[in-house]
Amino acid sequence: MVHTTGDWQAGFPGDLEVYATYQLSSPYTLSVRTNATALNKATPVNFLQHLYLNLGGQGSGHVLGHTLQLSASRYIPLDDELLPSSGRVDPVAGTNYDFRTPTPIGARIRKVSGGKGLIGYDTSYVIDGVGMRKVAAVRHSASGRGLELWANQPAMQLYTGNGLNNTIKGKAGKMYERYGGFCLETQGYPDAVNHPEFPSQTLRPGHVYKHDMDYKFSF
């Protein structure tokens with residue numbers, strides 16, 4: 001899939017050429033490759049994949065019993081508007097955001113504010129390491145299904161479907177309740193254009209942005 005955005009389209013400067021490729025690179029691995037080239041002006045680029053997941057399958061209810069492990073020893077505190085207004089990067093140790101060991105998604109979710117008055121995770125994590133590495137591992141014990149997410153980005157947003165309210169219809173016409181799915185959105189640091197202390201997400205003319213993700217499913 002190829003898409004070109006024009007100068008100041010959606011408020012962003014310059015022309016940007018974007019390629020997105022979806023491929024079954026093995027029977028149970030979905031690979032997503034997103035490349036972007038700034039053609040004539042520097043512009044912020046920070047794409048993510050807003051894919052909802054529920055390893056229990058459609059109509060199976062919430063995901064609070066899924067076990068989650070993240071390769072993240074730090075997180076970026078967000079304000080009620082889900083912006084990193086403080087510019088801090090804090091350790092997860094001793095907080096409700098610590099998923100360094102396998103933990104049910106719902107174990108501490110009632111103690112977490114997802115912003116905008118909602119309860120649940122809408123949390124930005126800094127992923128340990130660099131390059132293509134394992135970001136997350138998820139397991140659904142009832143079905144025996146598992147998922148590993150590998151990616152090359154420095155950060156990831158964990159979202160637990162806090163805003164779902166039985167108005168979104170999914171596969172087979174099933175409605176999705178609150179916490180009916182979760183998202184693992186690898187990306188650059190959020191709002192980096194307004195935070196010089198964060199790694200830059202500004203793409204210069206002639207340079208290429210590359211975002212690689214592998215969703216590795218098991219049964």
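**Group meeting: strands, rings and cores in a predicted model**

I start with two strands: β9, residues 122-126, and β12, residues 155-159, run antiparallel and are joined by five bridges. Strands and helices here are DSSP runs numbered from the N terminus, with at least two residues of E for a strand and at least four of H or I for a helix. Two strands are called paired if DSSP finds at least two bridges between them. Within this pair, Asp122 stands opposite Tyr159 in β12.

Before going on, the ground rules. This is a predicted model, in which local features need pLDDT of at least 70 and side-chain atom pairs count only at pLDDT 80 or more, while totals for chains, interfaces and linings use all residues. Residues are numbered from 1 along each chain as its sequence is written, and side-chain values use heavy atoms, with hydrogens and water left out.

Now the sheet. β9 and β12 belong to an open sheet of five strands, in the order β7-β6-β9-β12-β15, with antiparallel pairing. Its edge strands are β7 (90-91) and β15 (183-187), each of which pairs on one side only. On the β15 side, β12 and β15 pair in the antiparallel sense over five bridges, and Gln157 stands opposite Glu185 in β15.

Is β15 buried or exposed? Five of its five residues are buried, so β15 is largely enclosed by the rest of the structure. Buried means under 20% relative accessible area, exposed means over 50%, and partly exposed is in between, with a 1.4 Å probe and protein chains only. Both faces of β15 are covered: Cys183, Glu185 and Gln187 are buried on one side, Leu184 and Thr186 on the other.

Back to β9, where Thr123 is found. Thr123 has a relative accessible area of 4% and is therefore buried. Leaving out residues up to four places away in sequence, Thr123 touches Tyr75, Tyr97, Met156, Gln157 and Leu158; contact means heavy atoms within 4.5 Å.

Take Met156 from that list. With neighbours within four places in sequence set aside, the contacts of Met156 include Leu70, Thr123, Tyr125, Val135 and Leu184. Met156 is also among the residues with the most contacts inside the largest nonpolar core, which has 31 residues; Leu68, Tyr121 and Leu158 are others in that group. A nonpolar core is a set of buried Ala, Val, Leu, Ile, Met, Phe, Trp, Tyr and Cys residues joined through side-chain atoms within 4.5 Å. At least two residues of this core come from each of β5 (67-70), β10 (133-140), β11, β12 and β17. Apart from it lies another core, of seven residues, including Leu16, Ala36, Ala38 and Leu203.

Next, β17. Strand β3 (residues 29-38) pairs with strand β17 (residues 208-218) in the antiparallel sense, over nine bridges.

On to the rings. Rings of Phe, Tyr and Trp (its six-membered ring) pair if their centres lie within 6.5 Å; planes under 30 degrees apart are stacked, over 60 edge-to-face, and the rest tilted. By this rule the count comes to seven aromatic pairs. One of them is Tyr28 with Phe219: the ring centres are 5.0 Å apart and the planes are at 65°, so the pair is edge-to-face. Tyr28 lies in the loop between β2 (16-26) and β3, and Phe219 in the segment after β17, so the pair ties together parts that are 191 residues apart in sequence. Phe219 counts as exposed because its relative accessibility is 63%.

Elsewhere, Tyr75, Tyr97, Phe99 and Tyr121 form one aromatic cluster. Arg108 lies over the face of Phe99, 5.4 Å from the ring centre. Likewise, Lys216 lies over the face of Trp150, 4.2 Å from the ring centre. The criterion is NZ of Lys or CZ of Arg within 6 Å of the ring centre and within 35 degrees of the ring normal.

Last, backbone angles. Most residues other than glycine have a negative phi. Ala10, in the loop between β1 (2-5) and β2, has a positive phi of about 60°. At 71% relative accessibility, Ala10 counts as exposed. Leu82, in the loop between β6 (74-76) and β7, has a positive phi of about 65°. Leu82 counts as partly exposed, at 24% relative accessibility.
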